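Here is a short briefing to read with the model open beside you.

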Number of protein chains: 2
Amino acid sequence: MGKEKTEFNMTCPLPIDRYPNVLLAHGAGGVLMNDLIEKIFLAAFDAQGDGERHDGAVFSVDRGKLAFSTDSYVVSPIEFPGGTIGTLAVNGTVNDLAMCGAKPLFLSAGMILEEGLPMETLWRVVRSMKEAADAAGVRVVTGDTKVVDRGKGDGIYINTSGVGVVAAGREIAPRRVRPGDAVLLSGDIGRHGMAIMAVREGLEFESPIESDCAPLASLVGSLLGTGADVHCMRDLTRGGLASALVEIADTSDTTIRIDESAVPVPGEVRGACEMLGLDPFYVANEGRMIVFVPAKDAGIALRAMHACRSGAGSVRIGTVCEKESRRVLVKNALGTERVVDMISGEQLPRIC
Amino acid sequence: MGKEKTEFNMTCPLPIDRYPNVLLAHGAGGVLMNDLIEKIFLAAFDAQGDGERHDGAVFSVDRGKLAFSTDSYVVSPIEFPGGTIGTLAVNGTVNDLAMCGAKPLFLSAGMILEEGLPMETLWRVVRSMKEAADAAGVRVVTGDTKVVDRGKGDGIYINTSGVGVVAAGREIAPRRVRPGDAVLLSGDIGRHGMAIMAVREGLEFESPIESDCAPLASLVGSLLGTGADVHCMRDLTRGGLASALVEIADTSDTTIRIDESAVPVPGEVRGACEMLGLDPFYVANEGRMIVFVPAKDAGIALRAMHACRSGAGSVRIGTVCEKESRRVLVKNALGTERVVDMISGEQLPRIC
């Protein structure tokens, strides 16, 4: 990559007529792999800026705390309303870092491609990663590509790992959750999971359900900027709101009481869930989080969250209590309480 | 995980009679996934020491330079003489960091499991990762597990990413390679690639070829400790010695002259290569590197390398020259020079 920057190319920069599909040789360490890296990955990510190809990226840090996280993405289908596996891969790892209270800085991208993948599809996915990285303010600085034989993959699997900095004195972790904490939720639940399921099951709606896939880093930045004493944050992914709550209750050894009527479930998500026999509390999101703050800080936290686009729909949904017999209790509109457990089997496989 | 450490469990800690194989539900965010993480991954890696499950790992660093690298591993078969996909995944990323002149510290592990994978196999792979991490002096601090449906994977794919510290003032990069540099090689070539090919092709030898898979971090530490002005290092992986040389010549805009007779090729590797019509210069290693140092420092560098087990077979194999017509020239025993290019197609797919 030269120093002159050209406008981001919207058409696939590999000569499609020569290589319309990914070949095993694109992962074998030779000329074709080099081509793929230069024309697709470096074209999008401009890896180290100076065009130098090395085994890793080197960067400077100040003394302090770093967060480090990893996630692999195997979502099927790889393109869906509201994003692609690439959008998910960038936002998912950005969000994991943000949940540690970190400002995400650098990502890696490890691609496992299936022989035969259309090069155009790869390019769309890589472009969506680039757009998501720009939107989240992170740089993809190092990467790797492998190709597996036809029938040994499913188009594309992506791993992203990330590094971010944690401000001095900040400690955000499940063990800090305590009785009296307010439980906040940053928006409505279930959109991502139902967007994927709708495509898989061929469900038709008046307006298609779009994934809520979004980076939460700036929302977290605003929230932490208020000075509210945030004890813990957790983004909702596999297993949805219910699993996130159960995990936190479990680690912090508390009982969490949730008011079901306070949890926003979009009408179309509720409809699709009824059709498929799913409980929206267990359906995945990719751009929502729960936040635990002392009740006295709930107001200031919610105001800051409302001011961000990705937190506009934030609400308080419950309270942390002393440990009682069970861990997560959800009270419905009739006043009846039910116990929410971690789901045992698979509800929605390959949702992220 | 409590504070008391028990001896590392050699038998699979998940009740095999209940779950002899990986199910889709083991990746779906519920009870089974939790079980898998606790009983297999945390049992091996004791992730954060305090038993706390969070979205990432947080650690302290001093002001300075960090290296960050990623690699996915899709080797087939996943177990082979001399290692497993897990050994490879740990050593490969450790070596990428070492090639940046970094001391590797932390690894992430992202597992993509295929439905039906025997739980015992997973446990052997995870155990081999733990052993490799201990041998290399790194800690696996964060991870992720996904399960894909039968026929959409191939047992196990692993991504490891890593973070390491680079000592102040150290700059090791292809652009520092210059005419006059000696080219050193840390041992014989081709063992890893031929170990894999021998299993795949069912070749029988008097003694089986073992992969050279090994961590290079302590070898690099000793080398850098000599004060030799190391310009560049590169480990030999996909594409073998030839591809590593071509990449460096390309980036540094030099011609590299190699003396073929100086390059150690084990007899059994040579034999297997002849049988399969392969050129050992292109066969993968996973525990060898090339080093570029000013000729005056070659002696001291070699002495330090010889003192390490993983560098006992180190030799000088060539010299960097001013750029001439071609990039990498190999002189054979008869004095004839041939040009070595990057291989265009696939020689050995899924070798790492």
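How close do the axes of helix 2 of chain A and helix 3 of chain A come, and at what angle do they cross? They come within 7 Å and cross at roughly 30 degrees. Please keep in mind that this is a predicted model.

**Helix 2 and helix 3 of chain A**

- With a crossing angle of roughly 30 degrees, helix 2 of chain A counts as roughly parallel to helix 3 of chain A, because angles under 35 degrees fall in that class.
- The crossing of these two helices is right-handed.
- On the side of helix 2 of chain A, the residues that meet helix 3 of chain A are A:Ile85, A:Gly86, A:Thr87, A:Ala89, A:Val90, A:Asn91 and A:Val94.
- Their partners in helix 3 of chain A, which covers residues 119-136, are A:Val125, A:Val126, A:Ser128, A:Met129, A:Ala132, A:Ala133 and A:Ala136.
- Sorted by class, this contact holds 10 nonpolar and 4 polar residues, with no charged ones.

**How the two chains meet**

- The contact between the chains draws 72 residues from chain A and 71 residues from chain B.
- Several elements of chain A each supply at least two residues to the side that touches chain B, among them helix 1 (31-45), helix 2 (85-99), strand 5 (102-114) and helix 6 (240-252).
- Strand 2 of chain A gives the largest share of that side, with 9 residues.
- The side of chain A that touches chain B is made up of 29 nonpolar, 26 polar and 17 charged residues.
- Strand 2 of chain A also reaches across to the partner chain: 5 bridges join this strand to strand 1 (residues 57-61) of chain B, and the two run antiparallel.

**Helix 1 and helix 3 of chain B**

- In chain B, the axes of helix 1 (residues 31-45) and helix 3 (residues 119-136) come within 9 Å and cross at roughly 20 degrees.
- That angle makes helix 1 of chain B roughly parallel to helix 3 of chain B.
- This crossing is right-handed.
- Helix 1 of chain B brings B:Ile40, B:Phe41, B:Ala44 and B:Phe45 to the contact, while helix 3 of chain B brings residues including B:Leu122, B:Trp123 and B:Met129.
- The contact of helix 1 of chain B with helix 3 of chain B has 8 nonpolar and 2 charged residues, and no polar ones.

**Helix 4 and helix 7 of chain A**

- Helix 4 (residues 191-201) and helix 7 (residues 267-276) of chain A have axes that come within 10 Å and cross at roughly 50 degrees.
- These two helices of chain A are therefore oblique to each other.
- Their crossing is left-handed.
- A:Arg191, A:Met194, A:Met197, A:Ala198 and A:Glu201 of helix 4 of chain A meet A:Val269, A:Ala272, A:Cys273 and A:Leu276 of helix 7 of chain A.

**The seven-stranded sheets**

- In chain A, 7 strands form an open sheet with mixed pairing, in the order 9-11-8-12-10-13-14.
- Its edges are strand 9 (232-235) and strand 14 (337-339) of chain A, each pairing on one side only.
- Strand 8 (residues 181-185) of chain A is joined by 5 bridges to strand 11 (residues 289-294) of chain A, running antiparallel, and A:Asp181 stands opposite A:Pro294.
- Helix 8 (residues 298-306) of chain A lies across strands 8, 11 and 12 of chain A, at about 15 degrees to strand 8.
- Chain B has an open sheet of 7 strands in the order 9-11-8-12-10-13-14, with mixed pairing.
- Strand 9 of chain B pairs with strand 11 of chain B in the antiparallel sense over 4 bridges, and B:Met233 stands opposite B:Val291.

Technical notes: Residues are numbered from 1 along each chain as its sequence is written. Chains are lettered from A and ligands numbered from 1 in the order in which they are written. This is a predicted model: local features need pLDDT of at least 70, side-chain atom pairs count only at pLDDT 80 or more; totals for chains, interfaces and linings use all residues. Two residues are in contact if their C-beta atoms, placed from the backbone, lie within 7 Å. Ala, Val, Leu, Ile, Met, Phe, Trp, Tyr, Cys and Pro count as nonpolar, Asp, Glu, Lys and Arg as charged, and the others, Gly among them, as polar. Two strands pair if DSSP finds at least two bridges between them. Axes are lines fitted to C-alpha atoms, for helices over the stretch in contact, and angles run from 0 to 180 degrees between N-to-C directions. Angles under 35 degrees count as roughly parallel, over 145 as roughly antiparallel, 65 to 115 as roughly perpendicular and the rest as oblique. A crossing is left-handed if the near helix is turned anticlockwise from the far one by less than a right angle, and right-handed if clockwise.
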